Amino acid sequence: MVVRHWREEPCTVLHVVGDLDVAGAPRLRAELEQALAAADPLNVVVDLTEVPFCDSVGLGVLVATLNHIQDLHGRMILVLAPGMIRHLLTITNLDRHFETSPSLTEARAALENAA
């Protein structure tokens with residue numbers, strides 16, 4: 001798994017490539033912690049369009065991060081392509097909790113419009 005993060009107004013963007021599973025989840029968790037520590041305001045976009053698979057450990061990282069960000073009155077948007085992760089969120093009813101977007105551009109626009 002490869003995770004990069006950068007600041008791109010009005011948010012911090014994390015781009016994830018590879019499987020979000022028991023092996024990759026610790027890498028994502030570490031990058032998220034580093035990105036959240038520097039994020040001001042706490043608007044985070046996680047681009048998962050190049051993540052073909054997510055298991056329960058990876059899903060747990062996303063849920064824990066969402067809860068943490070919401071506790072701090074921030075906002076997190078997942079950028080999702082059609083496929084496995086979108087389906088996983090639907091069957092677990094987590095699609096009701098996560099804000100999603102089909103593209104990074106639309107996610108950034110949603111955050112800009114809310115500011």
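This is a predicted model: local features need pLDDT of at least 70, side-chain atom pairs count only at pLDDT 80 or more; totals for chains, interfaces and linings use all residues.
Residues are numbered from 1 along each chain as its sequence is written, and side-chain values use heavy atoms, with hydrogens and water left out.

Helices (H or I, at least four residues) and strands (E, at least two) are taken as DSSP runs and numbered from the N terminus, and two strands are said to pair if DSSP finds at least two bridges between them. Strand β2 is mostly covered, since six of its seven residues are buried, where buried means under 20% relative accessible area, exposed over 50%, and partly exposed in between (1.4 Å probe, protein chains only).

From β2 the description passes to β3, with which β2 pairs in the parallel sense over five bridges; the bridge partner of Thr 12 in β3 is Val 44. Together, β2, α1 and β3 make a right-handed β-α-β unit, a crossover being right-handed if, with the strands pointing away from the viewer, the path from the first strand over the helix to the second runs clockwise.

Helix α1 itself comprises the 14 residues 25–38, which at 1.5 Å a residue should span 20 Å, and its end C-alpha atoms are 20 Å apart, which agrees; the expected span is 1.5 Å times one less than the number of residues in the helix. Its buried residues are Ala 25, Leu 28, Glu 31, Leu 32, Ala 35 and Leu 36. These residues lie on the same side of α1 because they cover an arc of only 130° around the axis, the arc being that of the directions from the helix axis to the C-beta atoms. On the other side of α1, Glu 33, Ala 37 and Ala 38 are exposed. What covers the buried residues includes β1 (2–8), β2 (11–17), β3 (43–50) and α2 (56–71), with contact meaning heavy atoms within 4.5 Å.

The next unit is made of β3, α2 and β4, and it is again a right-handed β-α-β unit. Its two strands, β3 and β4, pair in the parallel sense over five bridges, and Val 46 stands opposite Leu 78 in β4. Strand β4 (residues 75–79) is mostly covered, with four of its five residues buried. On to β5 (residues 99–101), β4 pairs in the parallel sense over three bridges, and the bridge partner of Ile 77 in β5 is Glu 99.

The loop between α3 and β5 holds Arg 96, which counts as exposed at 67% relative accessibility. Arg 96 and Val 2 are 94 residues apart in sequence and 28 Å apart in space, C-alpha to C-alpha.

Finally, the cysteines deserve a word. The structure holds zero disulfides, a disulfide being a pair of cysteine sulfur atoms within 2.5 Å. Cys 11 is buried, with a relative accessible area of 0%, and Cys 54 counts as buried at 3% relative accessibility.
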